[in-house]
Amino acid sequence: MAQGHLRVTIVEAAKLADKDKTDFNDPYVEVYIDEKKKYKTRTLQNVERPIWNETFDFDIWPSNEYVHIDVYDEDEGKKPDVIGSAKVSLDDVIKKGHYDDWVKLPGFLGFGSRGDIHIRMNFEKTSTD
């Protein structure tokens, strides 16, 4: 696999599972390649269809396999609720140089859906091994 630079844009989300009982979610997204370096979007308050359009940059090494996406509902004074999680393989992103698609947030044990998240990625190779 190649070494390079990856730019990830968390565009928007749709059909998110509702974690708030009275209002819409207060969602944010964590995106990471490695657990040690996570980026977080801003939290949007009380929205049904969040639009972030936030971009994050990563250095990619041959050992990296996935971009991880975790979507949360922030609750003031409490631990955030997990809405859903997904991962995108870097193989196709690296081969094509770009990615622009909706990713499903699978439900429990892979059944159903907790929503969709729109992600754009661009990869720029710096070297190969």
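**Entry 1. Overall dimensions**

I took the radius of gyration over C-alpha atoms, and the globule rule as 2.2 Å times the number of residues to the power 0.38. The model I examined is a predicted one. For 129 residues, the rule puts a compact globule near 14 Å; I found 15 Å for the protein chain, which agrees. I then looked up the extent of the C-alpha trace along its principal axes, which is about 50 × 30 × 20 Å.

**Entry 2. Secondary structure and contacts**

Read from the N terminus, the order of elements is β-β-β-β-β-β-α-β-β. I next considered contacts between residues at least 6 apart in sequence; of these, 60% join residues at least 24 apart.

**Entry 3. Burial and surface**

I noted that 43% of the 129 residues are buried. The accessible surface of the protein chain amounts to about 7600 Å², and carbon and sulfur atoms account for 47% of that surface.

**Entry 4. Aromatic pairs**

I asked how many aromatic pairs the chain contains, counting rings whose centres lie within 6.5 Å. The count is three. One of them is formed by Tyr28 and Tyr72, with 5.2 Å from centre to centre and 20° between the planes, and it is stacked. This pair links distant parts of the chain, since Tyr28 belongs to strand S2 (residues 27–32) and Tyr72 to strand S5 (residues 66–73), 44 residues apart.

Are these two tyrosines buried or exposed? Tyr28 has a relative accessible area of 6% and is therefore buried. Tyr72, at 15%, is buried also. Both assignments follow because buried means under 20% relative accessible area.

I then turned to Tyr39 and Phe56, whose ring centres are 5.3 Å apart and whose planes stand at 25°, so this pair is stacked. Here too, distant parts of the chain are linked: Tyr39 lies in strand S3 (residues 38–40) and Phe56 in strand S4 (residues 51–60), 17 residues apart. Tyr39 is partly exposed, with a relative accessible area of 23%, whereas Phe56 is buried, at 9%. I also recorded that Tyr39, Phe56 and Phe58 form one aromatic cluster.

**Entry 5. Lysines over rings**

Which lysine lies over the face of Tyr32? I found Lys38 there, at 4.6 Å from the ring centre. For Tyr66, I found Lys87 over the face of the ring, at 4.3 Å from the ring centre.

Note on methods:
Residues are numbered from 1 along each chain as its sequence is written. This is a predicted model: local features need pLDDT of at least 70, side-chain atom pairs count only at pLDDT 80 or more; totals for chains, interfaces and linings use all residues. Side-chain values use heavy atoms; hydrogens and water are left out. Rings of Phe, Tyr and Trp (its six-membered ring) pair if their centres lie within 6.5 Å; planes under 30 degrees apart count as stacked, over 60 as edge-to-face and the rest as tilted. Helices (H or I, at least four residues) and strands (E, at least two) are DSSP runs, numbered from the N terminus. Buried means under 20% relative accessible area, exposed over 50%, partly exposed in between (1.4 Å probe, protein chains only). A charge sits over a ring if NZ of Lys or CZ of Arg is within 6 Å of the ring centre and within 35 degrees of the ring normal. Contact means heavy atoms within 4.5 Å. Accessible areas come from the Shrake-Rupley method with a 1.4 Å probe; for residues, only the protein chains shown count as cover.
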